[in-house]
Amino acid sequence: MTTDELKSATTGYGLAVGTPRLKSIGPITFSPDGILFVADSANATIYAIDVRDTDAPSQSQPVEVDNLDVRLAAYMACTRDDILIRDMAVHPTSMAVYLSLVRGRGGSAIPLLIRIGEGSSLREVSLEGVPFSQAVIEDAPGDDDERLDTRVVLGDQEGEEIEVRGIRLRLARDKLRTSTVTDMAFVDGMLLVAGASNEEFSSTLRRIPFPFEDEARTNSLEIFHVSHGRYETASPIRTFVPYGDNLSVLASYTCTPVVHFSLGDLKSGTQAKGRTVADLGAMNTPIDIVAYQRGGEEYVLVSNTRHPLLKMACADIDRQEPLTHPQQPVGVPREALPQQRVSRMASANGAYVLMLQQDEAGDLHLRSYDSDSL
Amino acid sequence: MTSTSAATTATRSDRRRRLRLDWSRAHGDEQLRIRGWRDPDLVWLRSAAEEELSRRLAVVATDLVEATRTVRDLPQVAGRFEVDGDEVRFVPRFPFVPGTSYSILIGPAPGGAHDAADAEQWTIVRPASSGTPARVLAIYPSAGELPLNNLKLYVRFSKPMSEGWAVRAVCFRRAPDNEPIEGVLLPMDPELWDPERRRLTLLLDPGRIKRGLAPNREAGYPLVEGWQISARVERTFQDARGRPLGAAAERRYVVGPPVRKRVDPAKWQYRWPPAGSLKPLLVGFDRPLDRALLEHCLSVVDEAGAPVIGRYSIGGGERWWRFAPASPWRPARYGLDVDCRLEDLAGNSVSRVFDRDLTLDEDDPLSRARVQVEFSCESPGVSAAAGVRLSRVSAGLSAPDHAETTARTASRSCSSSQTNSRHARS
């Protein structure tokens with residue numbers, strides 16, 4: 001990219017050319033004009049990166065990849081067990097598929113982005129010298145956070161010495177509390193970020209205006225939902241999707257209810273109450289939610305650990321009264337689709353839905369479905 | 001360039017070549033060195049462009065080879081081949097994984113068939129990491145009884161660990177036959193770790209714990225009151241270098257009744273220290289509390305709101321918290337500062353009941369971020385302690401000499417944003 005092009009890429013969004021140093025990688029999502037948002041929970045940071053993907057779409061539908069897990073493992077010189085795919089997103093103009101993943105485990109794990117383009121070609125998305133900006137998740141503990149686990153240590157191998165009222169102590173500070181980003185979406189200039197704490201059990205949704213300000217400030221919202229008209233509760237949001245011209249959000253929680261709330265609710269106060277519209281049942285965990293259009297109507301798909309791929313009409317969600325009686329069927333009508341063992345999903349401009357699908361042998365494939373077929 | 005050949009062995013699947021593989025390192029890069037090429041090979045290798053080399057040669061993990069042969073061409077591999085004299089070196093973009101077997105696949109000569117099934121294969125194993133295996137330092141809760149609606153389990157390891165093992169290598173088992181209890185732990189993706197990946201947080205399926213939800217109605221609670229169970233961490237749990245634990249670990253529990261009340265500091269018991277002494281402040285809880293949150297949700301502040309420096313310890317199965325000051329207590333007022341996020345084992349916090357029954361007024365949430373319990377340290381012989389319910393003090397508390405302790409300081413500051421503190425006493 002030329003200097004002029006770099007300058008052009010950095011104008012408007014306050015991006016500066018540099019190299020984001022990811023310590024971890026989680027959910028990713030694109031803005032409509034191709035800014036990729038990358039969640040790095042270990043750094044308590046969201047990066048906004050101009051991936052400079054200017055390729056025109058070369059075919060009418062997004063790519064499909066047979067044996068994606070094998071190809072990824074071969075590309076990264078490791079076994080399939082050494083790869084954890086975190087999330088998937090589709091570039092809004094090139095239609096290339098982006099995966100966030102971790103290669104390797106533990107201290108040697110490498111967080112990275114992979115782009116799948118024409119002809120199922122894989123390539124690492126280089127983060128060297130890219131236009132980017134970043135926002136710190138406000139209520140995640142920083143290095144000087146008061147909630148650090150502070151230990152008195154012996155010797156001088158770790159920690160720092162302080163003197164308090166004549167007493168010299170050597171303190172080491174370990175950061176134990178983390179806020180793990182579970183999902184993100186970009187809605188009308190606002191990045192919505194759902195997270196889960198590794199300590200308190202709560203439901204917070206952060207709202208981060210984009211472009212990120214110089215000292216990016218986020219605010220978080222606690223979201224409660226009522227179970228069957230009687231029990232009010234909070235739970236980390238596992239996955240969510242905006243729909244209905246970005247006026248509504250459908251969220252799935254770790255405790256399984258599917259809850260609707262309006263974006264208007266999110267714009268005021270520090271607490272919001274969602275409307276429980278479905279309860280997906282036992283021994284099952286929703287993995288991902290995606291919205292798409294078919295025949296002028298909007299639908300959502302929910303992939304699950306045990307249940308089949310479920311389809312719901314957004315009109316039914318909007319019509320659904322809050323669940324008040326714990327009888328079956330519970331909530332919004334849903335249809336089971338035939339696609340088996342679907343994990344992550346991504347919408348390609350609403351016209352296609354991409355799915356990571358395992359076959360019966362356990363091999364992973366990337367499939368693309370025309371919305372009219374779903 | 002250095003090389004390590006002692007630990008490497010090569011296998012061959014084709015008798016036309018006798019290739020020798022070993023690991024080497026040059027310019028900071030780990031490399032796979034391949035020697036023993038025939039003269040016609042070398043002629044082609046030396047003349048081939050890098051792109052041609054990458055089309056005909058591939059280095060992949062050996063367990064991919066069978067799967068690789070289901071695709072038409074050799075896979076795309078991130079890295080580069082270098083030809084130097086009579087050897088070929090593969091420099092991977094990503095480091096080789098310890099303990100993993102690698103194969104070099106050599107495709108048919110240009111102009112021949114393009115089916116990867118015809119590829120010649122040579123294999124070598126990357127040496128496994130060495131060193132002391134990791135171990136489980138603790139499993140929390142450490143109380144002997146779990147409430148029926150217990151929400152969390154923490155596992156502390158001695159070394160950084162790998163992700164992806166939480167559900168595979170941690171389970172609950174039921175006495176006496178020690179059979180695993182299925183569906184207790186919630187699979188989390190991503191897993192909940194501290195930044196160093198030494199402490200893992202596991203959630204018991206909250207959908208089965210919350211009243212009224214379909215999972216609770218259909219499958220019931222994850223645990224059953226009266227059961228004797230154990231939480232077990234299997235040895236297969238891998239550390240950051242891919243090695244198993246030195247030993248499995250487990251903690252035994254009996255399952256008790258559910259707990260569904262807010263955590264209320266007014267119901268705790270306190271033993272206040274006398275002024276001039278270094279005696280600890282002792283706080284006894286009416287139920288076991290969440291270990292992780294206890295580590296930073298309590299602190300002692302002076303009249304000005306400044307933190308009092310000292311050490312704290314937690315024990316009794318997370319039923320007490322003891323704070324020993326670094327310098328003697330002054331004859332003054334102090335406060336025990338309580339962050340309202342502090343939870344019990346069932347996820348009830350100072351603010352809220354985990355699943356609040358809207359018909360019960362006493363379960364109404366507390367709209368505060370912190371509460372403060374005030375106390376005064378008086379000179380020895382003066383029994384009054386302002387702001388303290390003396391009737392609650394010290395009953396049932398015992399000296400925590402034998403219990404586990406962690407040397408800590410209450411260094412957390414109290415900022416002006418904590419102005420919504422209140423006295424916990426009524």
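Across the interface of domain 1 and domain 2 of chain A, 1 residue pair is in polar contact, with both residues at pLDDT 80 or more. The model is a predicted one. Salt bridges between domain 1 of chain A and domain 2 of chain A number 0.

What, then, makes up the side of domain 1 of chain A that touches domain 2 of chain A? Its residues divide into 14 nonpolar and 5 polar, with no charged residue. A salt bridge needs a side-chain nitrogen of Lys or Arg within 4 Å of a carboxyl oxygen of Asp or Glu. Strands supply this side. Those that give two or more residues to it are strand S2 (28-30), strand S3 (35-40), strand S4 (45-50) and strand S9 (130-136) of chain A.

Now place the two domains. The domain assignment of chain A puts domain 1 at 22-136 and domain 2 at 142-337. Their contact takes 19 residues from domain 1 of chain A and 16 residues from domain 2 of chain A. The area buried between these two domains is about 1200 Å². Carbon and sulfur atoms give 73% of that area.

Next, turn to the contact between the chains. This contact takes 85 residues from chain B and 74 residues from chain A. Together, chain B and chain A bury about 6800 Å² between them. Of this area, 54% lies on carbon and sulfur atoms. Which residues of chain B lose the most area to chain A? They are B:Gln76, B:Phe94 and B:Pro195, and together they account for 9% of what the chain B side buries.

In one salt bridge, B:Asp189 joins A:Arg86, and the closest N and O atoms are 3.1 Å apart. Across the interface of chain B and chain A, 13 residue pairs are in polar contact, both residues of each pair being at pLDDT 80 or more.

Which element gives the largest share of the side of chain B that touches chain A? Helix H6 (residues 214-219) of chain B does, with 5 residues. The residues on this side of chain B divide into 38 nonpolar, 17 polar and 30 charged.

Finally, look at the strands. Strand S17 (residues 231-234) of chain A pairs with strand S25 (residues 355-357) of chain B. The pairing is antiparallel and runs over 3 bridges.

Methods: Residues are numbered from 1 along each chain as its sequence is written. Chains are lettered from A and ligands numbered from 1 in the order in which they are written. This is a predicted model: local features need pLDDT of at least 70, side-chain atom pairs count only at pLDDT 80 or more; totals for chains, interfaces and linings use all residues. Side-chain values use heavy atoms; hydrogens and water are left out. Domain bounds come from an automatic or database domain assignment. Contact means heavy atoms within 4.5 Å. Buried area is the accessible area (1.4 Å probe) that two parts lose on being put together, summed over both. A polar contact is a pair of N or O atoms within 3.5 Å; within protein, one must be able to donate a hydrogen and the other to accept it, and residues adjacent in sequence count only if both atoms are side-chain atoms. Helices (H or I, at least four residues) and strands (E, at least two) are DSSP runs, numbered from the N terminus. Ala, Val, Leu, Ile, Met, Phe, Trp, Tyr, Cys and Pro count as nonpolar, Asp, Glu, Lys and Arg as charged, and the others, Gly among them, as polar. Two strands pair if DSSP finds at least two bridges between them.
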